[in-house]
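Colleague: I have just opened this entry and would like to learn how to read it. Could you walk me through it, feature by feature?

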Amino acid sequence: MKLRRGQLLVDPPASSSSDIAFILIIFFLVCASVQPETGLPQFLPRTEAKEEKKEQSKNLEVSITPSNIVLNGSPLKLPEFSKRILVALQAKTRPQDKVVVVKSTPDTPYDQWIRVSQAIDNAGGTLTLELESERTIIVD
Amino acid sequence: MKLARKKLTASVPSFAMGDIAFLLLIFFVILARVQDDSHVQWDPAILPDIKMIGAPLASVAIDSGYKTYLNGEEISNDQLTPRLNAILGETPAGERNISFKVHREAQAKHFEPVIQSIGEAGGDLIHILEPEATEP
């Protein structure tokens, strides 16, 4: 006669499951926090009021509109602008002459602006913004 | 005759410790997420040849509604420079990274005053962009 052996219930040890959960959470948190971002660094000269107007007039001037880019008076498209700014900046040796004064119309989209900014940066120029300042004049 | 009483041992039940730790973690994770700007709705501009960037000290964003945020908190442009000055403190130049997230349809009237404020605070501006997909 064959005797039936009673089946034993075996529970897996659950005492370390909280430690495992904790380690997993730390792992996913670290993964989420170190997700790299991509971008374009831009050097900004300290903002100051216009003083040396004569010195600034030597710098290249770029105007950006939603439809085109104007470099020293000539309207250009982005590929042509990239070439022209490279040539223009290569001719300048002093760092202060490589400053490019950028003026944008208020409706210039960021997409267009950042492409122009990248072209100036790639050509070795330092971008500076020319902003219209608001001034209240009280008239008697 | 004196009967010796059996000593009772009182142990703290540790069965629920894992659950408590888990709930505490969820709590701290939610607290930490309050300071980030992942709730800001914006679409990055797409540009070729962009680099990986290091960890910034602060994040300035302009969302699809053209509102400005500093570390996820809505802020007016007047308050931006003093708040950035407080965050950057005496951090040496080159380490004063400020990430700048601008919705791609924002216009110069929205983002240029913000760039000016970051410049006034002496921040090193990093435009956060999406790399252009290259043809295989």
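Colleague: Let me start with a helix. Which residues are buried in α3(B)?

Modeller: Keep in mind that this is a predicted model. As a general idea, an α-helix has 3.6 residues a turn, so residues three or four places apart point the same way. In α3(B), the buried residues are B:Ala108, B:Phe111, B:Glu112, B:Val114, B:Ile115, B:Ser117, B:Ile118 and B:Gly119. The helix covers residues 108-120 of chain B, 13 residues, and spans 18 Å between its first and last C-alpha, close to the 18 Å expected at 1.5 Å a residue. After α3(B) comes B:Gly122, with a positive phi near 75°.

Colleague: Now chain A. How many helices and strands does the secondary structure of chain A have?

Modeller: Chain A has four helices and six strands. Along the sequence they follow the pattern α-β-α-β-β-β-α-β-α-β. Of the 140 residues in this chain, 21% count as buried. Among contacts in chain A with a separation of 6 or more, 73% join residues 24 or more positions apart.

Colleague: What is the order of the strands in the open sheet of five strands in chain A?

Modeller: The order is β4-β3-β2-β5-β6, and the pairing is mixed. At the edges stand β4 (74-76) and β6 (126-129) of chain A; each has a single partner strand, so one side of each is left without a neighbour in the sheet. On average, neighbouring strands here are turned by 30° against each other, direction ignored.

Colleague: Can we look at one pair? How many bridges join β5(A) to β6(A)?

Modeller: Four bridges join β5(A), residues 99-104, to β6(A), and the two strands run parallel.

Colleague: Which strands of chain A does helix α3 of that chain lie across?

Modeller: Helix α3(A), residues 78-90, lies across β2 (60-64), β3 (69-71) and β4 of chain A, running at about 20° to β3(A).

Colleague: Why does A:Ile85 count as buried?

Modeller: The test is a count of neighbours, and 20 or more other C-beta atoms within 10 Å make a residue buried. A:Ile85 has 24 C-beta neighbours inside 10 Å, so it counts as buried. Leaving aside neighbours within four places in sequence, A:Ile85 is in contact with A:Leu71, A:Ala119, A:Ile120, A:Ala123 and A:Gly125. By contrast, its C-alpha is separated by 68 Å from that of A:Ala14, 71 residues apart along the chain.

Colleague: On to the core. Which residues touch the most other members of the largest nonpolar core?

Modeller: Among its 44 residues, those are A:Val116, B:Val60, B:Ile98, B:Phe100, B:Phe111 and B:Ile118. Helix α4(A), residues 110-122, gives the most to this core, with six residues. Setting aside residues up to four places away in sequence, A:Val116 touches A:Val62, A:Ile64, A:Ile69 and A:Phe81.

Colleague: Next, the two chains together. How many residues of chain A are in contact with chain B?

Modeller: 30 residues of chain A are in contact with 36 residues of chain B. On the chain A side, α1 (17-33), β1 (37-42) and α4 each supply at least two residues. By class, that side has 15 nonpolar, ten polar and five charged residues.

Colleague: Where does β1(A) sit in the open sheet of seven strands?

Modeller: Follow the order β2(B)-β1(A)-β7(B)-β6(B)-β3(B)-β4(B)-β5(B), and you find β1(A) between β2(B) and β7(B), in a sheet with mixed pairing. The edge strands, β2 and β5 (73-74) of chain B, each pair on one side only. Helix α4(A) packs on this sheet, touching β1(A) as well as β6 (97-102) and β7 of chain B, and its direction makes about 65° with that of β1(A).

Colleague: Which bridges could I look for across the chains?

Modeller: β1(A) pairs with β7(B), residues 124-128, in the antiparallel sense over four bridges. In β7(B), A:Gly39 has B:Ile128 as its bridge partner, A:Leu40 has B:His127, and A:Gln42 has B:Leu125. Three bridges join β1(A) to β2(B), residues 51-53, also antiparallel. There, A:Thr38 is the bridge partner of B:Met52.

Notes:
Residues are numbered from 1 along each chain as its sequence is written. Chains are lettered from A and ligands numbered from 1 in the order in which they are written. This is a predicted model: local features need pLDDT of at least 70, side-chain atom pairs count only at pLDDT 80 or more; totals for chains, interfaces and linings use all residues. The expected span of a helix is 1.5 Å times one less than its number of residues. A residue is buried if 20 or more other C-beta atoms lie within 10 Å of its own, exposed if 12 or fewer, and partly exposed in between; C-beta atoms are placed from the backbone. Two strands pair if DSSP finds at least two bridges between them. Axes are lines fitted to C-alpha atoms, for helices over the stretch in contact, and angles run from 0 to 180 degrees between N-to-C directions. Two residues are in contact if their C-beta atoms, placed from the backbone, lie within 7 Å. A nonpolar core is a set of buried Ala, Val, Leu, Ile, Met, Phe, Trp, Tyr and Cys residues joined through C-beta atoms within 7 Å. Ala, Val, Leu, Ile, Met, Phe, Trp, Tyr, Cys and Pro count as nonpolar, Asp, Glu, Lys and Arg as charged, and the others, Gly among them, as polar.
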